[in-house]
Amino acid sequence: MTDADETSFASRLRRARLEAGMSQGELAGQDLSISYVSHLEAGRREPTPRLTSLFERRLDLPRGYLAGGSWGQGRHDEEVPEVSTADLAALASRVGRMRSGSPAEDLAPEARRAAELALGHDRPEMWWAMTIIEVRALMRTGDYAAAAEAATSLTEHPWVQSQPSLAAEAHTLASKTSRRAADRTAATHHAHRALEASADVGDPALRAEAVIAALATHVLPGDGLVVELETLHHRLAGTHLGGLVAWTIGTHAFEGGDVRGGLRWHQLAATEINPDVDHRDWARFVGATCWMRVSRRVDDDVPELITLARQHLSWLGCTDELADLARTEAQWHEQHGRLSEARRVLDDALRLPGLAGLARGRLRLDRARVLQTADDPEEVALEALSAARDLTLAGDAEGARAAWQLYDEVSTP
């Protein structure tokens, strides 16, 4: 038997069964025939993900062992509480009701509990749905590191890996959450995997989301991806996702110096992004539009857009997005020489409740730069030091380096 054979599903199953001292009939139980198990061990049949999970539980194996993956650690020695199908359904229903009426910080642990129970009772489809809810709740609370960890667990499960459409969605979500957690390496890895998984699925929505994630890393080659997004927009035009595609194309145009193209695509996005589908996305788009205009010194409608974005982000409780908006507004004031206004905006943002460390560090770095312009080296040094600490703890190495560089500039005689 070759090395490749030794790592196949068939050889793993046979070796695990023999090590457990179990006959083929005992492994088959009441659900399967002995001949079917024999065919599996000979490599003449391929199991379904659900059957693979069943064998792993019967043989007391790590989850994912038979599929050859690394998902899951340790053996199934934890106590899984007995829960009926009706109880699982009721728990899922409870989580569903909480989505519209409960704070995200309450929803995340409840969704995690439901996901763990579903996984322990071989219900991967419910585990998937509950974990998606958990990830989105964690994103709303600003716990990006935990959201990235949960999203990454989706990508590692053999049941997900066996289905390209689920794999594409999982890797896209993992890329998005890793990017928000300031882990560019992980974000790029998952974006690349999302592109691979979505390439042959034939779903324009999945493909568009994967391409958007790839462009957002600012690492993977962008021009070809933008051309593909323009083609995908023809199929998604008039939809909320079509608006997100237009938003991404416009942002790429702005970043490449094409202000006219950026404005045109963003104007199209404004007609397609639907607040009734995703109010948070719509409010974030208004804020991002402000940033693109300010970064290219285009003053058109900036005050009105800032006011509109602040109203809706405040209503939604999007603290980190409000911090990003404050940074945009401060830069706009600074461009026009209104340094006291820029400082006031940043000071107000630093008092936002529940501000995540990453957002706080970026606000402090911007505040230090404003203070440097106002020629206040002692306070600049203190603020830069605080920014460096916050950004280091949040995992933003690039931002932390910028803060330390500013600290050194004002501290060196």
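**Salt bridges and a helix pair**

Me: What is the relative accessible area of E125?
Reply: E125 is classed as partly exposed. That class lies between buried (under 20% relative accessible area) and exposed (over 50%), using a 1.4 Å probe and protein chains only. The value for E125 is 34%.

Me: What pLDDT do side-chain atom pairs need in this predicted model?
Reply: Residues are numbered from 1 along each chain as its sequence is written, and side-chain values use heavy atoms, leaving out hydrogens and water. The model is predicted: totals for chains, interfaces and linings use all residues, local features need pLDDT of at least 70, and side-chain atom pairs count only at pLDDT 80 or more.

Me: Which residue forms a salt bridge with E125?
Reply: A salt bridge is a side-chain nitrogen of Lys or Arg within 4 Å of a carboxyl oxygen of Asp or Glu. For E125 the closest N and O atoms of the pair are 2.4 Å apart. The partner is partly exposed at 24% relative accessibility, and its name is R123.

Me: How many residues apart in sequence are E321 and R284?
Reply: These two form a salt bridge, with the closest N and O atoms 3.9 Å apart. E321 lies in helix 19 (residues 319–335) and R284 in helix 17 (residues 279–295); helices are DSSP runs (H or I, at least four residues), numbered from the N terminus. The pair therefore ties together parts of the chain whose separation in residues is 37.

Me: Why are helix 12 and helix 13 described as roughly antiparallel, and at what angle do they cross?
Reply: Axes are lines fitted to C-alpha atoms over the stretch in contact, and angles run from 0 to 180 degrees between N-to-C directions. An angle over 145 degrees counts as roughly antiparallel, so helix 12 and helix 13 fall in that class. Their axes come within 8 Å and cross at roughly 155 degrees.

Me: Which residues of helix 12 meet helix 13?
Reply: Contact means heavy atoms within 4.5 Å. On the helix 13 side, the residues include L206, R207 and A210. From helix 12 the residues are A191, A194, L195 and S198.

Key
Helices (H or I, at least four residues) and strands (E, at least two) are DSSP runs, numbered from the N terminus. Angles under 35 degrees count as roughly parallel, over 145 as roughly antiparallel, 65 to 115 as roughly perpendicular and the rest as oblique.
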